[in-house]
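The notes follow the order in which I looked.

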Amino acid sequence: MIALAEGALWPALTRADKIFALVVALGAVGLVFHGRYAAEAGSALVIEAMGAKPVTYALSSYGRLRLAGPLGETEIEIGPKGVRVVAAPCTHKICMRRGWINRRGDLAVCVPNGLVLRIAGAAPVDAVVH
Amino acid sequence: MKLRRPGDVARLGLMASAAIVLFVFESLAPKPLPWMKLGLGNLPVLVSLLSFGSGPALAVSAVKLVVGGLLSGGLAGPAFVIGGGAGLASWLVMVAVRRVAGPLFSVVGLSIWGALAHQLCQLGLAYVYIGQISLFALVPLSLISALWSGGLIGLLAWWTLAQLDKIGWIDRR
């Protein structure tokens, strides 16, 4: 099972290893390109909070919003560059590191605070609250 | 779980404690990117899988998750459930690949399989919690992450096994 060559510094990668790694890498690159190709500039922000109906805002309605979640308030900003999370109550701040999102299908997710920010296509009105 | 040599329990205990230490160390260490977590705690799991077999590897993985979860305060939270499920999936896939493909894959390939299962299961379980299909837009990132972390952990496991082999530490099953 393990090829342990005496004194070797580099493991003996099998052919299957290399093919498998290549397939995974190509799959990832293919999916990224597919996403990029299909992605267009979005025009609306959809906020999906846990246990609530999605709320839609136009990307042109600049300003800051405070969203309540199980952990506390997440503050987001809608600006010329898109949408970003400004402050979050969670430990890892993954949503904040996501930075600006502005293309259709782009996501900023905060799992601990049960929040998904998604960029969508056309929004004919400034804000729709369901 | 079958351990052959009298010292195996001690060796396995050492693996489990190494897994806990690495797990906690990694949760404390700063991460350049949140998705780029290496999964250092899986190194002892992988080493156990190759030197003691599937049962002991699962034991090391479970001890790592429960004690690591206790120490980092995340026990029974969503992150624990997601991590536990993903750990189980990763173990299952590695054991299956090892059984089916045999010597076709080296430790590095095996580790990438495990990392891939871990990442995709993590995403699936996060979907169960959040319930938004849009989460699956993160799949390409997961693949890259699995390749990089799985590959690196696999290399580290290979080097560890090579050193352990020199001192007659492992049984090679």
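**Entry 1: a helix pair in chain B.** I looked up H5(B) against helix H6 (residues 139–166) of chain B and found that they pack at an angle of about 145°, with their axes 7 Å apart; axes here are lines fitted to C-alpha atoms, for helices over the stretch in contact, and angles run from 0 to 180 degrees between N-to-C directions. The crossing of H5(B) past H6(B) is right-handed, a crossing being right-handed if the near helix is turned clockwise from the far one by less than a right angle, and left-handed if anticlockwise. By class, the contact of H5(B) with H6(B) has 16 nonpolar, 9 polar and no charged residues, where Ala, Val, Leu, Ile, Met, Phe, Trp, Tyr, Cys and Pro count as nonpolar, Asp, Glu, Lys and Arg as charged, and the others, Gly among them, as polar.

I note that this is a predicted model, in which local features need pLDDT of at least 70 and side-chain atom pairs count only at pLDDT 80 or more, while totals for chains, interfaces and linings use all residues. Residues are numbered from 1 along each chain as its sequence is written, and chains are lettered from A and ligands numbered from 1 in the order in which they are written.

**Entry 2: helix lengths and ends.** Helix H5 of chain B, residues 107–130, has 24 residues and reaches 34 Å from its first C-alpha to its last, close to the 34 Å expected; the expected span is 1.5 Å times one less than the number of residues. After H5(B) comes Gly131(B), with a positive phi near 75°. I did the same for helix H3 (residues 54–72) of chain B, whose 19 residues should span 27 Å and whose end C-alpha atoms are 26 Å apart, which agrees. Just after H3(B), Gly73(B) also takes a positive phi, of about 80°.

**Entry 3: what H3(B) packs against.** Among the buried residues of H3(B) I list Pro56(B), Val60(B), Val63(B), Leu65(B) and Gly68(B); a residue is buried if 20 or more other C-beta atoms lie within 10 Å of its own, exposed if 12 or fewer, and partly exposed in between, with C-beta atoms placed from the backbone. The buried residues of H3(B) pack against helix H1 (8–28), helix H2 (42–52) and helix H4 (78–101) of chain B. Phe25(B) is in helix H1 of chain B and is exposed, because 11 other C-beta atoms lie within 10 Å. Its C-alpha atom and that of Gly68(B), 43 residues apart along the chain, are separated by 9.8 Å.

**Entry 4: the two chains.** Chain B has 6 helices and 0 strands, and chain A has 2 helices and 8 strands, the elements being DSSP runs (helices H or I, at least four residues; strands E, at least two) numbered from the N terminus. From the N terminus on, the elements of chain A run α-β-β-β-β-β-α-β-β-β. Buried residues make up 43% of the 173 residues in chain B and 23% of the 130 residues in chain A.

**Entry 5: where the chains touch.** How many residues of chain A are in contact with chain B? I find 30 residues of chain A in contact with 33 residues of chain B, two residues being in contact if their C-beta atoms, placed from the backbone, lie within 7 Å. The largest share of the side of chain A that touches chain B, 11 residues, comes from H1(A), and the residues of that side divide into 20 nonpolar, 6 polar and 4 charged.

**Entry 6: nonpolar cores.** The largest nonpolar core has 46 residues, and those with the most contacts inside it include Ala19(B), Leu46(B), Val60(B) and Leu161(B); a core is a set of buried Ala, Val, Leu, Ile, Met, Phe, Trp, Tyr and Cys residues joined through C-beta atoms within 7 Å. H1 of chain A together with H1, H2, H3, H4, H5 and H6 of chain B each supply at least two residues of this core. Another core, of 18 residues, lies apart from it, with Tyr57(A) and Val116(A) among them.

**Entry 7: a positive phi in chain A.** Lys93(A) lies in the loop between strand S5 (82–87) and H2 of chain A, and its phi is near 55°, a positive value in a residue other than glycine. Lys93(A) counts as partly exposed, because 14 other C-beta atoms lie within 10 Å.
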